[in-house]
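Visitor: Please show me how to read this model, one feature at a time.

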Amino acid sequence: MTKKTRIYLYDSTLRDGAQTSTVNFGVHDKKEIAMMLDKLEIDYIEAGWPGANHTDDEFFANLPSLKKSKFTAFGMTRRPSSSASNDSGLNALINSDVKSVCIVGKTWDFHLKNALNISEEENFAMIGESIKQIVSKKKEAMFDAEHFFDGYKANPNFALKCIKAAYDAKARWIVLCDTNGGTLPSEIFNIVSEITKIIPGKNLGIHCHNDTGNAVANSLAAVEAGARQIQGTINGLGERCGNANLVTLIPTLKIKLGYDVGISDDNMKNLVKTSHFLDDLLNKERDRFAPYVGEFAFAHKGGLHVSAMAKNTKSYEHIDPELVGNTRKIMVSDQSGRSNIIARLKEIGLDPEDHIKFSQISDLVNQVKELEAQGYAYDSADASFEILARKSLGVVPNYFDLIGFRVLDERKFNAKGKVEVVAEATIKIKVDGKTTLAVAEGNGPVNALDKALRKALSKKYPVLKNISLTDYKVRILTPSAGTKAITRVQIQSSDNKGHKWTTIGVSENIVDASYRAMHDSITFKLMKEGFTG
Ligand SMILES: [Zn+2]
């Protein structure tokens, strides 16, 4: 067997990713992200720019130790008309506690004329001498050729001389950057192919931005043309439209194209976790449609489609979801037939062939159709589906009965004269034949009701203290002729063990819809904990 070609991965989430308008990493965040990238076995982790800001200085002073990845310090070539050995910026990079240094420099003559006001010769010297200085200090040197593709299109001779200066000074990597993100895959392929005639592909890297939605395609085009290092970020985080998404590139390179990306098969299964980790750290909603790692990346809907899936998964899936740590998802929807329901029952551990009667499945199919017509959507409310399914088989205990609830909202001025909105909920339920009353306050009616309900149940089920409501979504469904508008509430709950589940409620009243979703959420948790009611 021939040895697979090695593609090196360079993650710039901590520097380029941190340029995103909504992102502000603290030192602790940077450390956590670096550890996660090391666990995934990314070759290079761009740690930041020492000397550029307080956070980066503090991070460089306390770099976590890594098992496999290598930290890279990022900065600039020496300043014009100074010497590389005396340049304080360059020295900050070289003296930082990392083995690898990446410097960015100009390769578009437009910038020389319009911004820097330096000669071409001085620009070549700034690049060459800076790289030489890094190499002389026994550090691995990389050159980020800024605006390379625009520069090459405008003046190929000048752009080439710039990167040649870095290569001749023994830069390990020359990274061609599509800084504006406007270059298209065919152009990238053609230009990188030209460059490989002068600088070997084993020394070339690619850095793409996603301004035309082609950052991943562009990176692949560069690899196809011979480049062997890819720079990108987790989930494509980055300014404007983002950077090349490593989470998409890694499985594409490894699984689809058969390259060695330095990540073991076992470790590939951490891909979904890695992607979720960054979203969670940024408190960002997940992209459920993300290639490979999205919740819907291997989701199947529609009766015919699902029965074909059951016969042969290859018919509708381009890879086995388990390779990247994802799972197949069978959606239940109003298009669903029996096969969807059967597949979904298997997913939740019920084997329809064994215990379930033909008529029970038909009943469940009809029930789902009826409820979806009322506004329920079980596609994304797994926990509510499971309750519905188990209930129709008669195996869900009744943990409590609601007698009634009341919520009050009050808008008032507090002692400081500021507006304050508070809510109070009173709930009456029956647990074990005993009536229990609870009152709670909250910042809104749903919050107050949630607290009151759990208070009323806390004596019998202390485990409910560990649940929190992590996401709450409301959707007003447009009424059809002759009907009233209805509200659909979707709740995501999580517990202290890291489990998450989603439930749904539909009603003409938003608080009542929320209560229905809450009821399912609590029932689901108690069912999973093994309570028999
Ligand atoms: Zn960039």
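**Reading the model**

Visitor: Where is Lys-170 found?
Guide: Lys-170 is found in the loop between helix H7 (156-168) and strand E6 (173-178). Helices (H or I, at least four residues) and strands (E, at least two) are DSSP runs, numbered from the N terminus. This is a predicted model, where local features need pLDDT of at least 70 and side-chain atom pairs count only at pLDDT 80 or more, while totals for chains, interfaces and linings use all residues. Residues are numbered from 1 along each chain as its sequence is written, and side-chain values use heavy atoms, leaving out hydrogens and water.

Visitor: What is the phi of Lys-170, and is that residue buried or exposed?
Guide: Its phi is near 80 degrees, a positive value in a residue other than glycine. Lys-170 has a relative accessible area of 62% and is exposed. The classes are buried under 20%, exposed over 50% and partly exposed in between (1.4 Å probe, protein chains only).

Visitor: And what about Tyr-292, buried or exposed?
Guide: Tyr-292 also has a positive phi in a residue other than glycine, near 65 degrees. Its place is in the loop between helix H12 (271-281) and strand E9 (299-300). With a relative accessible area of 6%, Tyr-292 is buried.

Visitor: Which residues coordinate the zinc ion?
Guide: The donors are Asp-16 (OD), His-207 (NE2) and His-209 (NE2), at 2.1 to 2.2 Å. A donor is an N, O or S atom within 2.8 Å of the metal (3.2 Å for Na, K and Ca); water is not among the atoms, so sites may look incomplete. Along the sequence, the spacing of the donor residues is D-x190-H-x1-H. Asp-16 sits in the loop between strand E1 (8-11) and helix H1 (27-40), and His-207 in strand E7 (residues 204-208), so this pair ties together parts that are 191 residues apart in sequence. Both Asp-16 and His-207 are buried.

Visitor: How do I read a pair of packed helices?
Guide: Two packed helices are described by the angle between their axes and the distance between the axes. Take helix H16 (residues 358-374) and helix H17 (residues 382-392): the angle is about 140 degrees, and the axes are 10 Å apart. Axes are lines fitted to C-alpha atoms, for helices over the stretch in contact, with angles from 0 to 180 degrees between N-to-C directions. H16 and H17 are therefore oblique to each other; under 35 degrees counts as roughly parallel, over 145 as roughly antiparallel, 65 to 115 as roughly perpendicular and the rest as oblique.

Visitor: Which residues of H16 and H17 meet?
Guide: On the H16 side they are Gln-360, Leu-364, Gln-367, Val-368 and Leu-371, and in H17 they are Phe-385, Leu-388, Ala-389 and Ser-392. Contact means heavy atoms within 4.5 Å.

Visitor: How many residues of H17 are buried?
Guide: In H17, 8 of the 11 residues are buried, so the helix is largely enclosed by the rest of the structure. Its cover includes helix H14 (338-347), H16, strand E16 (500-507) and helix H19 (510-528). Just after H17, Gly-394 takes a positive phi of about 75 degrees.

Visitor: What is Gln-374 in contact with?
Guide: Gln-374, in helix H16, touches Ile-486 and Val-506, leaving aside neighbours within four places in sequence. The C-alpha atoms of Gln-374 and Ile-486 are separated by 8.7 Å, though the residues are 112 apart along the chain. At 41% relative accessibility, Gln-374 counts as partly exposed.
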